[in-house]
Amino acid sequence: MVPKKDYFDEKAAKWDSQIKDEVVLRLKNMIEELALSQGSKVLDLGTGTGVLIPMLVGAVGVSGLVVAMDFAPRMLAEARKKYHWSNLEFLEGEAENIPLPDQVIDEVVCNSAFPHFDNLWQAAKEMSRVLKSGGRVAVFHPHSREYVNELHAFLGGAVKNCMIPEEDVMRDIFSEAGFEKISIENTLQSYLLTGRKA
Ligand SMILES: C[S@@+](CC[C@H](N)C(=O)[O-])C[C@H]1O[C@@H](n2cnc3c(N)ncnc32)[C@H](O)[C@@H]1O
């Protein structure tokens, strides 16, 4: 089977052409709902080709910072080609071993990437480690949990086992990682988990 990193790298050049306008709109609404503060430092974990980057950069403003991170160099290269802002940095690395110091980030956002991480428990712990106390994690998808899981099963190959766990398991993953006030909303058009680092 193709390793997951290669799977995403092979798709990088055509990734943007497959993102529908409707999905971008849903993501804009989700980012607006998060009401990120101007000046905050946001980690976009699994940024891919950076669909969230313009939304995040606008939300945090020039006094903030967006760190766009992915483990697939060709996905990151597509994002780098498009976006050049002073409040944007790119970072290549694995979610299970985020190459950032402890407690430097105010918000971790993770769109359509969490179920792809090989070790969900370790990835959640890393999100918690890099967040400041009181910082927020938002794991989301512009589709329901059921849709995402069925899509991955249908696509097969490297992503066939990339499933969003059931609500009780997600709660365990994030509470064990040190998050509280965990909320999970699963609707027909979106999935959103948020939590605050204790
Ligand atoms: C389905 S794509 C979503 C990309 C982007 N967030 C979007 O919505 O277009 C999942 C992304 O997660 C990245 N990814 C998967 N596993 C990863 C890991 N362990 N560490 C970092 N990035 C990872 C992939 O390279 C890919 O870019």
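**Ligand shell and ring pairs: a chat**

Modeller: In this predicted model, 19 residues surround the ligand, the closest being Trp15, Gly46, Asp70, Ala95 and Asn111; to be near, a residue needs a heavy atom within 4 Å of the molecule. Numbering runs from 1 along each chain as its sequence is written. Local features need pLDDT of at least 70, side-chain atom pairs count only at pLDDT 80 or more, totals for chains, interfaces and linings use all residues, and side-chain values use heavy atoms, with hydrogens and water left out.

Colleague: What makes up the shell around the ligand, by residue class?

Modeller: Nine nonpolar, seven polar and three charged residues. Ala, Val, Leu, Ile, Met, Phe, Trp, Tyr, Cys and Pro count as nonpolar, Asp, Glu, Lys and Arg as charged, and the others, Gly among them, as polar.

Colleague: Why is the pair of tyrosine 83 and tryptophan 85 called stacked?

Modeller: Rings of Phe, Tyr and Trp (its six-membered ring) pair if their centres lie within 6.5 Å, and planes under 30 degrees apart count as stacked, over 60 as edge-to-face and the rest as tilted. These two rings are 5.4 Å centre to centre with 10° between the planes, so stacked it is.

Colleague: Why does tyrosine 83 count as buried?

Modeller: Buried means under 20% relative accessible area, exposed over 50%, and partly exposed in between (1.4 Å probe, protein chains only). Tyrosine 83 has 15%, so it is buried, whereas tryptophan 85, at 39%, is partly exposed.

Colleague: And what makes phenylalanine 114 and phenylalanine 117 an edge-to-face pair?

Modeller: Their centres are 5.9 Å apart and their planes stand at 80°, so the pair is edge-to-face. Phenylalanine 114 is buried at 1%, and phenylalanine 117 is buried at 13%.
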